[in-house]
Amino acid sequence: MSEITWGLWKLLLEGVWITVQLTIFSSALAAVVALVVGLARAHRLWIVRFISGAYFEIFRGTSALILMFWIFFVLPLGFGWQLVPMWAATLALGLTYGAYGSEVVRGAVQAVAPAQREAGIALSFTPAQQLRKIILPQAWPEMIPPFNNLLIELLKGTALVSIMGVADIAFGASLVRNATGQSAPVYTVILLMYFVLAFVLTRGMRVLERQAKAGIGQRPEKTGGVVSKLGLSRRNAVSANAGGES
């Protein structure tokens, strides 16, 4: 670790910022794609469901890394212009994880009770009003936990961009390792970096989930620590024994 100078540490920290930017931009694109494709897959017209379903199957079955290469190397042959590696990676990750997220949106929307839709019809709401005022507010809290998992997967998936020369955490770690010849310290540090980023994202999504549930009148689940859970289990066991003895 002593051989890792401030300049090398700065290289890693700059890589963290690139990774954060990639995660933000890719997740924003993925959220838009997931919402549009997910709602389209639950549409009443079969042609809309067919087109959105084809998109879902194609991008779910395509490697994100190969898609990055295709966007960066093949797409310019047809259009005559080329994206920089950063935006090619953002586009590939956003389209890929947006396809995964569309299944979350579709499932959450279709899980809303039919009675809620019937209530909207009884109130003479248009389909757009039903979606905006009834369906999405109830489906949104159910989307957040699986979206959290996808967001963490996307964060880790940004490491693929290092192959294209984008100076993210993984690329910076490779340069530092080559400069110092130390593998264990460098990769231990970036493991911790990814963990901290994932932990922060998870905490933020949990806060968002509590707010979403509070917005529709649901009481947030209280998750205690290990000690409180053990205490609850012990109280339940004591209660069961007391009930058996009586």
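**Figure 1. The record-annotated span at residues 184-201 and the helix that contains it.** In this predicted model, residues 184-201 are 100% helix and 0% strand, and the end C-alpha atoms of the span lie 26 Å apart. UniProt, in an unreviewed entry, places the feature "transmembrane region" at residues 184-201, as well as at residues 20-42 and 54-73. Helix 8 covers residues 184-215, and because its 32 residues should span 46 Å at 1.5 Å a residue, the 47 Å between its end C-alpha atoms agrees with that expectation. An α-helix has 3.6 residues a turn, so residues three or four places apart point the same way. Helix 8 is followed by G217, whose phi is positive, near 85°.

Figure 2. F69, F72 and F73 form one aromatic cluster.

**Figure 3. The ring pair of F79 and W81.** The count of aromatic pairs comes to 8. In the pair of F79 and W81, the ring centres are 5.8 Å apart and the planes stand at 50°, so the pair is tilted. F79 is exposed, with a relative accessible area of 54%, whereas W81 is partly exposed, with a relative accessible area of 45%.

Figure 4. S102 lies in helix 4, which runs over residues 85-110, and is buried, with a relative accessible area of 0%. When residues up to four places away in sequence are not counted, S102 touches A34, V37, G38, R41 and F56.

**Figure 5. S124 in the loop between helix 5 and helix 6.** S124 lies in the loop that links helix 5 (114-122) to helix 6. The phi of S124 is near 65°, a positive value in a residue other than glycine. Most residues other than glycine have a negative phi. At 63% relative accessibility, S124 counts as exposed.

**Figure 6. The bend in helix 6 and the position of P146.** Helix 6 comprises residues 127-157, and whereas a straight helix of 31 residues would span 45 Å at 1.5 Å a residue, the end C-alpha atoms of helix 6 span only 37 Å. Helix 6 bends by about 50° at I135, and a proline, P137, follows within four residues. P146 also lies in helix 6 and is partly exposed, with a relative accessible area of 27%. The C-alpha atoms of P146 and V105 are separated by 9.7 Å, although these residues are 41 residues apart along the chain.

Figure 7. G157 has its place in helix 6 and is buried, with a relative accessible area of 9%. Leaving aside neighbours within four places in sequence, G157 is in contact with L93 and Y97. The C-alpha atoms of G157 and T23, which are 134 residues apart along the chain, are separated by 9.0 Å.

**Figure 8. F171 in helix 7.** F171 is placed in helix 7, which covers residues 169-180, and is partly exposed, with a relative accessible area of 25%. Not counting residues up to four places away in sequence, F171 touches S162, G165 and V166. F171 and L160 are 11 residues apart in sequence and 9.3 Å apart in space, C-alpha to C-alpha.

**Figure 9. The protein chain as the setting for the close-up views.** Of its 246 residues, 37% count as buried. Among contacts in the protein chain between residues at least 6 apart in sequence, 75% join residues at least 24 apart. The protein chain exposes about 14,600 Å², of which carbon and sulfur atoms supply 66%.

Key. Residues are numbered from 1 along each chain as its sequence is written. This is a predicted model: local features need pLDDT of at least 70, side-chain atom pairs count only at pLDDT 80 or more; totals for chains, interfaces and linings use all residues. Side-chain values use heavy atoms; hydrogens and water are left out. Helices (H or I, at least four residues) and strands (E, at least two) are DSSP runs, numbered from the N terminus. Buried means under 20% relative accessible area, exposed over 50%, partly exposed in between (1.4 Å probe, protein chains only). Contact means heavy atoms within 4.5 Å. UniProt positions are given in the numbering used here, feature names are shortened, and annotations may be inferred rather than shown by experiment. The expected span of a helix is 1.5 Å times one less than its number of residues. The bend at a residue is the angle between axes fitted to the seven residues ending there and the seven starting there. Accessible areas come from the Shrake-Rupley method with a 1.4 Å probe; for residues, only the protein chains shown count as cover. Rings of Phe, Tyr and Trp (its six-membered ring) pair if their centres lie within 6.5 Å; planes under 30 degrees apart count as stacked, over 60 as edge-to-face and the rest as tilted.
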